[in-house]
Amino acid sequence: MGHALGFSFLWSEKGVARRKGSTCTYLGTEATAEYKDLTNCDSLPITNDCFHWDETCLNFELMSHSLDIDMPLSRITIAQFADLGY
């Protein structure tokens, strides 16, 4: 459902993610601030396909790469929608 609302597919178009070589970087300020508040880390890791949160840091979150039956929607994912202009 998140992809249908623009999660990751609009990241490059809206300037909240950038690919450099094989590495993707998330640049959105709202989701990054939420991530920093929760982890005290400055950068929000995303997968190299630029479509999901990196599971190393955000495992079992609704917009990580894997699916499970009980996956929460985090404040980080909600904030990335604000980064996209929702």
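A polar contact of 2.3 Å joins the side chains of T47 and D49, a polar contact being a pair of N or O atoms within 3.5 Å, where within protein one must be able to donate a hydrogen and the other to accept it, and residues adjacent in sequence count only if both atoms are side-chain atoms. The model is predicted, so local features need pLDDT of at least 70 and side-chain atom pairs count only at pLDDT 80 or more, while totals for chains, interfaces and linings use all residues. Residues are numbered from 1 along each chain as its sequence is written, and side-chain values use heavy atoms, with hydrogens and water left out.

**Overall architecture**
- The secondary structure consists of three helices and two strands, where helices (H or I, at least four residues) and strands (E, at least two) are DSSP runs numbered from the N terminus.
- From the N terminus on, the order of elements is α-β-β-α-α.
- Of the 86 residues in the chain, 38% are buried; buried means under 20% relative accessible area, exposed over 50%, and partly exposed in between (1.4 Å probe, protein chains only).
- Among contacts (heavy atoms within 4.5 Å) between residues at least 6 apart in sequence, 48% join residues at least 24 apart.

**Surroundings of T47 and C24**
- T47 is situated in the loop between α2 and α3 and is buried, because its relative accessible area is 15%.
- Apart from neighbours within four places in sequence, T47 is in contact with C24, H52, W53 and D54.
- C24 belongs to strand β2 and is buried, with a relative accessible area of 6%.
- Not counting residues up to four places away in sequence, C24 touches R18, R19, I46, T47, N48, D49 and C50.
- The C-alpha atoms of C24 and C50 are separated by 5.6 Å, although the two residues are 26 apart along the chain.

**Nonpolar core**
- The largest nonpolar core comprises 16 residues, and those with the most contacts inside it are W11, Y26, A31, L44, I46, W53 and I76; such a core is a set of buried Ala, Val, Leu, Ile, Met, Phe, Trp, Tyr and Cys residues joined through side-chain atoms within 4.5 Å.
- At least two residues of this core come from each of β2 (23–26), α2 (29–39) and α3 (75–83), and α3 gives the most, with three residues.
- I76, leaving aside its neighbours within four places in sequence, is in contact with A31, E34, Y35, L38, L44, W53 and L58.

**Packing of α2 and α3**
- The two helices α2 and α3 pack at an angle of about 160°, with their axes 6 Å apart; axes are lines fitted to C-alpha atoms, for helices over the stretch in contact, and angles run from 0 to 180 degrees between N-to-C directions.
- Helices α2 and α3 are therefore roughly antiparallel to each other, a label for angles over 145 degrees.
- The contact is made by T29, E30, A31, E34, Y35, D37 and L38 of α2 and by R75, I76, A79, Q80, A82 and D83 of α3.
- Within α3, the residues I76, T77, A79, Q80, F81 and D83 are buried, and the buried residues of α3 pack against α1 (11–14), β2 and α2.

**Backbone features**
- Most residues other than glycine have a negative phi.
- N40 is a residue other than glycine with a positive phi, near 65°; N40 is found in the loop between α2 and α3 and counts as exposed, at 66% relative accessibility.
- G85, which follows α3, has a positive phi near 100°.

Methods:
Parallel < 35°, antiparallel > 145°, perpendicular 65-115°, else oblique.
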